[in-house]
Amino acid sequence: MKYLVLLMDDGDERPWNEMTDAEQGELMAKFGAFDAVCAAREGVEILSGEALGAPETFTTVRTRGGHVQLTDGPYAEAIEGLGGFYLVEVPDLDVLLEVITELPAYDLQLVPALEMPE
Amino acid sequence: MTDPLAACVREEWGRLMALLLARFRRLDLVEDALGDAVERAARSWGDAPPDNPSAWLLATARRRILDQLRHEEVVRRKQPLLAIEARASYEMDPLGTEVDDDLLRLVLMCAHPALEPEAASALSLRLVLGVATADIARLFLVGEPTVAARITRAKKRIVGAGVPFRVPDAAALPPRIDTVAQTAYLAFTAGYAPGSGPDLLRADLAGEAIRLVRVALGLRPEEPALVALLALQLLQHARRDARARHGRLVLLADQDRDRWHRDEIAEAQALLESDAVRRPMSALAASYLLQARIAAEHARALTADDTRWGRIVELYDALLRLTASPSARLARAVAVAEARGPAEGLAALAAIEPMGNHRLDTVRAELLARDGQTDAARAAYDQAIALCRNEVETAHLRRRRADLDTRI
């Protein structure tokens, strides 16, 4: 199955800009460990992953009555802290729950992708 | 019950579910097909059940699933653009030694931590034990459509979220076993101490939760959490016939101890002396173990006066070091009052924050009455009555309040 792993909020981690250089280094090392564990594990693959811009750089597009409106900021409060994502291929939810323990202690949302017809 | 169909459903439902699920992996089809097979059996067996009832049910359910899959295949061929992938072979392996493994997979899938606890409990009772939706609704005091919807949602969630039908690695298994235990405990307490409604006890349904633990324990006989939980449940369940008389709640001290089920108490005592509870265990398992040892102290006392309250206070002290829940602190305060008098019990109560139900005020009222503070006791009973939502318990509280005038 494919899952979108959304890095929603800092969770148990302190905000990036309050960290010392050493702490930032430790945090980055966890992303490296996540890469390594996923690469080593059969059936697991990171298909894509990016860090995302700050919420004030988001653009929200709404179409109402045929009119397209653009506003700045996130679509909903719920993703105000969205900082990055991975798209991963894993056999099932349990494997995903195991490998994400390598990531920093962020709040995450795991969204399964629907299997679409070929 | 000698009805061969009922007996077969009771004994074999979980295994048949697990077997069909292992083969077809289609949770949406399997339960319906098995339910349909049971309905057909009820119509056609009559006085002449087949020699091997479970094989009959398996074959009938399997045929039904195959029909459904063929039907889907036909629909797909008519809409080639919607074809997803060719199905794997439909052939069923013969009944093999893998069945127990499949049953464990089913138990773990139904109690997955990604499911809501209530949904996991309902799903476990339905899929592992074959308990009817109407009975699950009665156990949890909700409407039958609510339970049906809850089970349907949980099944969709399992398929959609990717909850596997798989036994996790050894490292990941212990916390999953803890979730299985919690799932069974939730179902048990729903039947044992209902917070509201007209029935004081739904003991028969609490018994189903015990059966769920027995199934899990049969698959993982050395798991401390399951052993301790079974002991705890047996000790509490053993008192079911003494806990209510003529629709009234009977307090532990006033229960007719001849009505306790001694065979179940003996089984629990043996579990508490087994090696399984001497090995390292999770905090959850340890809390079940301590609660079971407390229940065992009550069970070993031939009369209420024989109760070793000092020992019970020590066990509660250990329990509070693990989990400082308000209800455990409340129970400790009761034990303190028994061991050292009502004034010390009231002092132990003082530090407990309000719990959002009637239990704290009930205990306070009892201890104030025993301490001779009648007016304060009356006020505490009023508060408890205002908060209590179980009809039988409310009636009990009103009687205790009325008794205050005659107790002086």
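This is a guided tour of a predicted model, with stops in chain A and then in chain B.

**Chain A as a whole**

Followed from the N terminus, the elements come in the order β-α-β-β-β-β-α-β. Switch to the C-alpha trace: along its principal axes this trace spans about 50 × 45 × 20 Å.

Now show the surface of chain A. The accessible surface amounts to about 7,400 Å², and carbon and sulfur atoms hold 53% of that. Of the 118 residues in chain A, 27% are buried.

Colour the charged side chains next. Chain A carries 6 positive and 24 negative side chains. The centres of these two sets lie 5 Å apart.

Contacts within the chain are worth a look too. Among contacts in chain A with a separation of 6 or more, 74% are between residues 24 or more positions apart.

**The four-stranded sheet**

Go back to the cartoon and find the open sheet of four strands in chain A. What is the order of its strands? The order is 2-5-1-6, and the pairing is antiparallel. At the edges are strand 2 (45–51) and strand 6 (107–112) of chain A, each of which pairs on one side only. On average, neighbouring strands in this sheet are turned by 15° against each other, direction ignored.

Select residues 2–9 and residues 84–89 of chain A. These are strand 1 and strand 5, which pair in the antiparallel sense over six bridges. Zoom in on Leu7(A): the residue opposite is Gly84(A), in strand 5 of chain A.

**The hairpin**

Move to residues 59–64 and 67–72 of chain A. Strand 3 and strand 4 pair here in the antiparallel sense, over six bridges. Pick out Arg62(A), which stands opposite Gln69(A) in strand 4 of chain A.

How many residues are there between the strands of this hairpin? There are two, and Gly65(A) takes a positive phi near 60° in this hairpin.

Select Asp28(B) first. This residue is in helix 2 (residues 27–44) of chain B. Asp28(B) counts as partly exposed because its relative accessibility, 41%, falls between the limits of 20% and 50%.

Go on to Leu141(B). It sits in the loop between helix 6 (133–140) and helix 7 (144–161) of chain B. With a relative accessibility of 37%, Leu141(B) is also partly exposed. Select Ala190(B) as well and read off the distance: from C-alpha to C-alpha, Leu141(B) and Ala190(B) are 8.4 Å apart, with 49 residues separating them in sequence.

The last stop is His396(B), in helix 18 (residues 391–407) of chain B. Is His396(B) buried or exposed? His396(B) is buried, because its relative accessible area of 11% is under the 20% limit. Show the surrounding side chains, leaving aside neighbours within four places in sequence: His396(B) is then in contact with Leu249(B) and Leu251(B).

Conventions
Residues are numbered from 1 along each chain as its sequence is written. Chains are lettered from A and ligands numbered from 1 in the order in which they are written. This is a predicted model: local features need pLDDT of at least 70, side-chain atom pairs count only at pLDDT 80 or more; totals for chains, interfaces and linings use all residues. Side-chain values use heavy atoms; hydrogens and water are left out. Two strands pair if DSSP finds at least two bridges between them. Axes are lines fitted to C-alpha atoms, for helices over the stretch in contact, and angles run from 0 to 180 degrees between N-to-C directions. Buried means under 20% relative accessible area, exposed over 50%, partly exposed in between (1.4 Å probe, protein chains only). Contact means heavy atoms within 4.5 Å. Accessible areas come from the Shrake-Rupley method with a 1.4 Å probe; for residues, only the protein chains shown count as cover. Lys and Arg count as positive and Asp and Glu as negative; His and the chain ends are not counted. The place of a charge is taken as NZ of Lys, CZ of Arg, CG of Asp or CD of Glu.
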